[in-house]
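Subject: Structure handover

Hello,

Here is the structure you will be working with. Please open it next to this email and follow along.

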Amino acid sequence: IIQVKCYHEIITIGYRVYHSYDLPWFRSLSWYFLLCVNYFFYGETVADYFATFVQRREQLQFLIRYHRFISFALYLTGFCMFVLSLVKKHYRLQFYMFAWTHVTLLITVTQSHLVIQNLFEGMIWFLVPISSVICNDITAYIFGFFFGRTPLIKLSPKKTWEGFIGGFFSTVVFGFIFSYFLAQHQYFVCPVEYNSETNRFVTECEPSELFQMKKYSVPPLLQAVLGWETVNMYPFQMHSIALSTFASLIGPFGGFFASGFKRAFKIKDFADTIPGHGGIMDRFDCQYLMATFVHVYITSFIRGPNPSKLLKQLLILQPEQQLSVYKTLKSHLVEKGILQPSLRG
């Protein structure tokens, strides 16, 4: 719902700014491309996380097997419709709006897809980042209001260095403490998986090492201040520092980008959906940038081989393919000395 509303707000700005009222099929094609891209991304998610469920539904097997081809065919249909809609007196404007639509899709749909991917890794990867952005927004305003003297950036005259720095330290502390409380509960740390037997999502697991308390040595300089030689904490709390740092130092640039965008088109807000606060996009300008960072961070530094996903893929294979994988794996384990040679056969 948030994604669709953000898309609607940005497309409407283009529609009004470029006076696209007479463009044939513009609004229809904009929504058509939104449906196509969502069909592609959600289809990828279904194929990735609901493999065993899909295997039980013959009608879904066809859609999943040829999902990318169907998605491409749908997009090509829209592309051809756009070309057929070109009118001589509107060529340049129509290509402006075609590019506008695709950039809007990149900003909204792609980012919201990454939010969903982060959610499947565990609720903590969703809650800590979005809370850090909110915390930074609030504390930067408070510090700027009471101590702000030095302007930060011309795009946002009310932003100050004092607020920026105060927001950074506050957000790091908040993220560190908030992570400690969330890491204690399975519901927040376990990856979201679909249980085909119960036909529902489950968040039950043996927490990974990231969410198991460990003892760390305190640096000598801090020992004199704190009086502690060691401290017990969750490894995830160290990662929360990286997330909070991005939320407070880089995240605001999403807001600056949005401010520049609005100034370019001489508008105050993206919409008037929320009285006194503007549109939905005004509230989520920093969140989209954060979602991308979290996804990249997880894939680069956190995620390793996933046995459950591998097992789902194996269950999709034909029986002879499964047998071939079994024999290859068995041979490999014997060579490694994990299985006894006597088990050959």
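Start with a charge over a ring. The charged end of Arg27 sits over the ring of Tyr15, 4.1 Å from the ring centre. The rule for this contact: NZ of Lys or CZ of Arg is within 6 Å of the ring centre and within 35 degrees of the ring normal.

A word on the model. It is predicted, so local features need pLDDT of at least 70 and side-chain atom pairs count only at pLDDT 80 or more, while totals for chains, interfaces and linings use all residues. Residues are numbered from 1 along each chain as its sequence is written, and side-chain values use heavy atoms, with hydrogens and water left out.

Salt bridges come next. Such a bridge is a side-chain nitrogen of Lys or Arg within 4 Å of a carboxyl oxygen of Asp or Glu. The count is 5. One of them joins Glu44 and Arg68, with the closest N and O atoms 2.8 Å apart. Glu44 lies in helix H2 (residues 26–49) and Arg68 in helix H5 (residues 67–85), so this pair ties together parts that are 24 residues apart in sequence. Helices (H or I, at least four residues) and strands (E, at least two) are DSSP runs, numbered from the N terminus.

How open are these side chains? Glu44 is partly exposed, at 22% relative accessible area. Arg68 is exposed, at 57%. The cut-offs: buried is under 20%, exposed is over 50%, and partly exposed is in between (1.4 Å probe, protein chains only).

Lys214 and Glu209 also form a salt bridge, 3.7 Å from N to O. Lys214 is partly exposed at 34%. Glu209 is exposed at 56%.

Then look at Asp282 and Lys262. Their side chains meet in a salt bridge of 2.7 Å, N to O. Asp282 is in helix H13 and Lys262 in helix H12 (residues 252–264), so the pair ties together parts that are 20 residues apart in sequence. Are Asp282 and Lys262 buried or exposed? Both are buried.

Now the cysteines. A disulfide is a pair of cysteine sulfur atoms within 2.5 Å. The model has 1 disulfide. Cys190 and Cys205 form it, with 2.0 Å from S to S. The link is left-handed, with -90° about the S-S bond. Cys190 sits in the loop between helix H9 (186–189) and strand S3 (193–195), and Cys205 in the loop between strand S4 (200–202) and strand S5 (214–217), so the pair ties together parts that are 15 residues apart in sequence. Cys190 is buried at 0%, whereas Cys205 is partly exposed at 26%.

Cys286 is in no disulfide, and its nearest cysteine sulfur, that of Cys6, is 12 Å away. Cys286 is buried, at 15%.

Last, the aromatic rings. Rings of Phe, Tyr and Trp (its six-membered ring) pair if their centres lie within 6.5 Å; planes under 30 degrees apart are stacked, over 60 edge-to-face, and the rest tilted. The count is 29 aromatic pairs. Take Phe293 and Tyr297: the centres are 5.7 Å apart and the planes at 45°, so the pair is tilted. Both lie in helix H13 (residues 280–302), 4 residues apart, about one turn of the helix. Tyr297 is buried, at 10%. Ring pairs also link Tyr32, Phe33, Tyr75, Phe79, Phe82, Phe95 and Phe98 into a cluster.

Best wishes
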